[in-house]
Amino acid sequence: MSINNKRNINKVAVLGSGIMGSRIACHFANIGVEVLLLDIAPKELTDTEKAKGVDLNQVKNRIVNDSLEMAIKSKPSPIFKKSVAKLIKTGNFDDDLSKIKDCDWVIEVVVENLEIKKSLYEKVEKYRTPGTLITSNTSGIPMQFLVDGRSEDFQKNFCGTHFFNPPRYLRLLEIIPAPSTSPEVIDFLMHYGDLFLGKETVLCKDTPAFIANRVGIYAIMSGLHAVVKMGLTVGEVDKLTGPVIGRPKSATFRTLDVVGLDTMVKVAGNLSQALQKDESKEKFQLPGIVKKAYDNKWWGDKTKQGFYKKTKDEKGIKQILELNLETFEYQEKSKVNFEVLGKVKDNENLKERIKMVLSDEGKAGEFYRASFYDLFKYCSFRIPEIADELYKLDKAVCAGFGWELGPFATWDALGVSDTITKMKEAGYPVANWVTEMIDTGFSSFYKEEAGKRKYYDIATKSYKVVPGSEGLILLDTLRKTNVVWENAEATLFDLGDDVLGLEFHSKMNSLGAGVIEGVNTSIAKAEEGYKGLVIGNEGANFSAGANLAMLFMAACDQEFDEVEMMVSQFQKTVMKMRFSNVPVVAATAGMAIGGGCELSMHCDAIQAHCESYIGLVEVGVGVIPAGCGTKELALRCSDKLKEGDPELNRLQSYFMNIATAKVATSAHEAMEMDYINEAGRITMNRARLIADAKARVLELYNEGYTQPVERKDIKVQGRSGMALFEAGITQMLYGNYITEHDAKIARKLSYVINGGDLTQPSLVSEQYLIDLEREAFVSLMGEQKTLERMQSILFKGKPLRN
């Protein structure tokens, strides 16, 4: 793979196969690059090997092979699909280090020990081909120390490339130049990481912990000091510091358990020692609760207990206990009852939620103000120490720690000037450049202008376009100028070049009446004078499926004509999109399940972010896919059968995927499951998705787009196919693997996907199968067991998926 004429990355060597090394290797394999993964050879045999009489020379790759195997088996998986693991070859430093001569990039990922790294570099220099890349995944060792004593060519092609764990899922890649790193190398890594690895590449100064860990660890430590001061519980803190403020579900204490308290303590300790001139260095010192947990070796998941502990009650039922921070005994998880959380729980607007929680007059508001004001203060003083541009801090902490809003973007949401006043009143000073910015008439750190996102540049005292955003389509920058139509659940944008873009913004982007109206309106407007339509958004999920509430209520009232009408309306919308006279492209990311999957499958093409989780999950709520999804898989299976599949293996695979509500764990797996067909494309970088989808629309248009016509040549199996599935259904039922109701759903699904009660394989139309779908769905909505399943989902507040 290449992005210019100077460098091609066809093969990468990863030196070190630990948790990071093995997973970095997997991610390069994900994008089709050959990988050589090396580690030390073991120095002694295991007891098992001794018992077998194995010679030490026979197990020289044991460490690297075990590490890779453990990585591939881990959850969530580091690989997009099983087959990519074949691209990784293993070896050891003693026998195989010379093979790096054939590699275009050597990445060192060994233990964080300067002498060990330097010793390895000396060996690397003997075999590395001059001009090839050599980088380190160090999380904090200064670059100048790493390259000391190395050749000029080594130093020119050396750089820090700091991935975050797990590399497949966390988008940050920090690029840290050494003193002699070539500008061409820096530019290459920035662009390669973005385009091919799908990373948010951030150029960092060579300062302790670089950017993300410096800010992220400070935020955690500052919060922990506030916890001690205010006497908050583990449960309270994790409720306050999770999704409600745009942070991961693991929040604070659960994150420490997952990452490992020992890891956080080590990083904080290193920073405490290294940052002698940091005005807030005392915050990196361990609070009493952290030190005690660390001394007890309650480090989290790796030691089976941390701030949480999994156990079983007297009935053998699993439960999770939380640590009482006063008694240091485990107890049942405390019930969290902050009034402000109830007020904001239904507000989908993160910026509004943050305003509301910080204005709370209770204990929650006090904690939020202490945490955010201290973070704002700290970040303002980190410029220009760790970065000259403020956007780098936001990019790094969002991509590395999974925050939805960075510190400066959050400050903007609260109002910079008003917040400065409140901070000063509370004893939190800000850096001079912030007050100077306000005093000279600049009211925010960011602004949207002419479809571009700009940041306040301190050096020039002006707004500049955020680097790397050129060519991207950022919907937030279009809201003031490019809205063509909107309602409460959807917005239609003019994306430029005669292409429209439809965004859903209902809860979980579920498909309710407003979204259906949006799809129909968008198609009509696109057909009036545009080249095509993109359906996508910048949220966490493309769509979690149809909103079940209306269907559930109608079925409870025995209003089955109403149920049929709603299903029919969705089917007609989907098919209207299929038969539109302009190309329609779905830009999927996150969940595209149930109705979201059906909608995307009926677009002319899917431009999928690699982390697209696509599947038909309707069976889980007691029905079958009836938004033309069952029909579409029958059609796709028919086309594959023409290629030859006498044993109907593909049909059985499709049936099982629906019957088990299987969801693809990546866009690549969705292709294997045929939820994304041959017209689909994959985007590695989430930020580029909408722009890539727009380009795909224009590509289809310029190729001479032809309006599709209804298919009437779908081969279905009729009774012979139903008999094949009936044997399996009966066996599962008699083995008590499924319930009677599950069997009924499976038989309905079999009936539809096989084309009904036909005496022999026949050719049928799309509309014929669509009608069968709808009839089966409505009949299952009349089942008490189906309503009970739906009721449990609705009342538990889970995503409404269908």
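Is E200 buried or exposed? At 17% relative accessibility, E200 counts as buried. Buried here means under 20% relative accessible area, exposed means over 50%, and partly exposed lies in between (1.4 Å probe, protein chains only).

This is a predicted model, in which local features need pLDDT of at least 70, side-chain atom pairs count only at pLDDT 80 or more, and totals for chains, interfaces and linings use all residues. Residues are numbered from 1 along each chain as its sequence is written, and side-chain values use heavy atoms, with hydrogens and water left out.

Start with the charged pairs. Side chains of opposite charge can pair when their charged atoms come close. A salt bridge is a side-chain nitrogen of Lys or Arg within 4 Å of a carboxyl oxygen of Asp or Glu. By this rule the count comes to 50 salt bridges. One of them joins K395 to E200, with the closest N and O atoms 3.4 Å apart. K395 lies in helix 17 and E200 in strand 8 (residues 200-203), so this pair ties together parts that are 195 residues apart in sequence. Helices (H or I, at least four residues) and strands (E, at least two) are DSSP runs, numbered from the N terminus.

A second pair is R479 and E503, whose closest N and O atoms are 2.8 Å apart. R479 sits in the loop between strand 14 (462-465) and strand 15 (483-486), and E503 in strand 17 (residues 499-504), so the pair ties together parts that are 24 residues apart in sequence. R479 is partly exposed, at 33% relative accessible area. E503 is buried, at 7%. K631 and E632 also form a salt bridge (2.9 Å, N to O). Both K631 and E632 are buried. Elsewhere, salt bridges link R214, D278, E279, R382 and E385 in a network.

Return to helix 17, residues 390-401, which also holds K392. K392 is buried, with a relative accessible area of 13%. Not counting residues up to four places away in sequence, K392 touches V202, L203, I211 and A387. Contact means heavy atoms within 4.5 Å.

Now turn to helix 22 (residues 548-556). Its buried residues are L548, L551, F552, A554 and A555. Seen down the helix axis, they fall within an arc of 165°, so they line one face of helix 22. The arc is that of the directions from the helix axis to the C-beta atoms. An α-helix has 3.6 residues a turn, so residues three or four places apart point the same way. After helix 22 comes Q558, whose phi is positive, near 60°.
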